[in-house]
Amino acid sequence: MEIIDTIEHELTGFIAKRAQVDYPLKPDTDLLEEGILDSLMMMDLVAHLESQHHVSLGDRDLSPRHFRTVSCLAALVAQKQDSLNH
Amino acid sequence: MNSTENITFRTDTCHQMSDLDAIKVSLHSLSVIALGWKNLSLDGTSTNDSCAEYSTFLQPDPATTLGEQFLKIAQIRGSYPAVITPEQSFSYQWILEAAQTVRSHLENDPNFQPGSPVAMMVNNSPEYLGIYYGILLAQGVAVPLPPDVEIDRLAFVVDACDITTLMTTPDIARRRHADIGKKVKQINRMSSSPLPPQFPDSGEDLATILFTSGSTGTPKGVMLSHKNLMSNSLSIIDYLELDSTERALAVLPFCHTFGNSVLQSHVLTGNTLVLGANIAFPGSILQMIEQYECTSFSAVPEVFHFLLTRTSLGENQSPNLRYMSVAGGALSKKDTVTLSERIHPAKLFVMYGQTEATARISYLPPDLLTERLGSVGTGLKGHELQVVNHQGEPVRPGERGEIRTRGPNITKGYWKDPETTAQIIRQGWLYTGDLATIDADGFVYPVGRSNALLKIGGHRFHPNELETFIQKRFTSTRAVVVGYECSHLGTRLALYAKSEDPDHVISSDAIAAVCRQQLPTHKIPTYIEIVDEFPLNSSMKLDRPALSQRASQRNILVAH
């Protein structure tokens, strides 16, 4: 749980900084509905995940299922990191 | 009976900045019209598969205006889908009814008369088509703006064009109510069966004004006549060999010149636009191409790079896909080759253009792609394309110069700005500001810009826009904005700010917050630094390349 919380915290910070958000971003904010996740944001976010969180993302990972909220995304990152460590 | 209702939105928290309040007060006097007919069941909706009966290709008549051609197509192709979204299909009859609703509203508005510019803030949707062609049927001039346009630019455009009406959709009116006011009139249906519309006598009349970043950083309204749009669409229809069975997966914003060219070339031939793909998820693009049997896909280089690196593009390719096209920036040679190989037998069109030339200036025939790698081709049929030196003389093969072009696609000029118009249009030639070389066979190879304009995700951007934006909001602050290359992502913005008053402290967090709140994503700097001094070069001028290099070296984006 702790790892996920850290990832969530970091990702919330990154997205809030990069995107056009003028209210507190929550882990369950719908990034798609709020129009936060456009293509430029997505490209930057994927680059950030790969370089800062050391995960590699494939075709199937880049789906609304994983990117709809920060918590979904943190869960994906944690799971990827976990499978790397084992 | 005119079916209208007034919807009132909650007022938002107040901003503290007085100049913004002044802008808002002026915007709040706009008449905001939202089209909310989506819930109505018009007879015009159609299903996905009712389109086999039409096989004759309808070649648009170059002498007609856009409104006339749209009306003709809508009448002939009534039940054929104009727009397909994942939820629903919208026939040409549906779009026509929507357009007549808009027309009827405008014609009953005492502030409107033929030739009046009407602003529109609408996402790619069937409503966009209804509003755009509705404005033309009323003989108005459509001024499309991105729904996330910053308030400064919106106010600039409204003021410059004396706009009294802004057309939008309820969702955007709701999202932007703090900027455009809380009183929105919603129209749902036509007041009555309208009389046949009147059309402008001459194709020289204005159809659209597209605002773009000018070479000085002030937005410029590129005036496009019916003739400009019709002739450029016909050129595109010709070289892309569009027939009567086209289905374009349209992801480029229609309010942008490239997206507008996809829209016009398909609607004026009675073809279908497939909407609703989210380019943030590259896999969904391939899925939609397959699911909706799309024949084409057009995008900017960054999107193709994303597709190439993140999807299995080319594997299990849909047999319906005929071509992909790229413009709005330079696709790297490596990506060009890989993309054309992976989508084969579908073709790749590398194209070049700018808003001032309606959209398209040249294209490279796909069979010459390898032989002429890096070239954008030789210019459209019946148009002239040259690369010239400072004296306006054509350069020799291999020499660098500025691209200029002449033809029916050249803008009539910038709205209310004859001075800047005279700088870019001289003796009928449009000077593009793009630098290039040309080979002995007339193939043009772009190498860069002669001014400070940048391309970010396909959007033209002048650093001065953001510098002014910051200086307007933070007193005693000087801002310098540069583009920097971010590996694999393309160009991003770095902003350096300096306090001009020792007692006045500025923070990068405060600047970042204002940018986030008030700018569309592509204009938000990904690197902000407060500096004591700006670096100077050997001639004691601001050293922008040094600032750009500094941001690149820090690989700021990923380290944020």
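**View 1. Helices of chain A in the predicted model.** Chain A is built with four helices and zero strands. Its order along the sequence is α-α-α-α. For 86 residues, a compact globule would have a radius of gyration near 12 Å, and chain A agrees because its own value is 12 Å. The C-alpha trace of chain A spans about 40 × 30 × 20 Å along its principal axes. Buried residues make up 36% of the 86 residues of chain A. Among contacts in chain A with a separation of 6 or more, 61% come from residues 24 or more positions apart.

**View 2. Packing of α1(A) against α4(A).** Helix α1 of chain A covers residues 2–18, and helix α4 of chain A covers residues 70–85. Their axes lie 9 Å apart and meet at an angle of about 125 degrees. The crossing of α1(A) past α4(A) is right-handed. From α1(A), the contact is made by A:Ile3, A:Ile4, A:Ile7, A:Glu8, A:Leu11, A:Thr12 and A:Ile15. From α4(A), the contributors are A:Val70, A:Ser71, A:Leu73, A:Ala74, A:Ala75, A:Val77 and A:Ala78.

**View 3. Contact between chain B and chain A.** Chain B puts 25 residues into the contact, and chain A puts in 23 residues. On the side of chain B that touches chain A, the elements giving two or more residues are α10 (282–291), α11 (301–310), α15 (508–518) and α17 (556–559). Of the elements on this side of chain B, α11(B) gives the most, with four residues.

**View 4. Domains of chain B.** The centres of domain 2 and domain 3 of chain B, taken over C-alpha atoms, are separated by 31 Å.

**View 5. Helix α5 of chain B and the residue after it.** Helix α5 of chain B consists of residues 151–160. Its buried residues are B:Leu154, B:Ala155, B:Val157, B:Val158 and B:Ala160. B:Asp162 follows α5(B) and has a positive phi, near 50 degrees.

Note on methods. Residues numbered from 1 in each chain as written. Chains lettered and ligands numbered in written order. Predicted model: local features only at pLDDT ≥ 70, side-chain atom pairs only at ≥ 80, totals over all residues. Rg over C-alpha atoms; globule rule 2.2 N^0.38 Å. Buried ≥ 20, exposed ≤ 12 C-beta atoms within 10 Å, placed from the backbone. Contact = placed C-beta atoms within 7 Å. Domains from an automatic or database assignment. Axes fitted to C-alpha atoms, helices over the stretch in contact; angles between N-to-C directions. Left-handed = near helix turned anticlockwise from the far one by under 90°.
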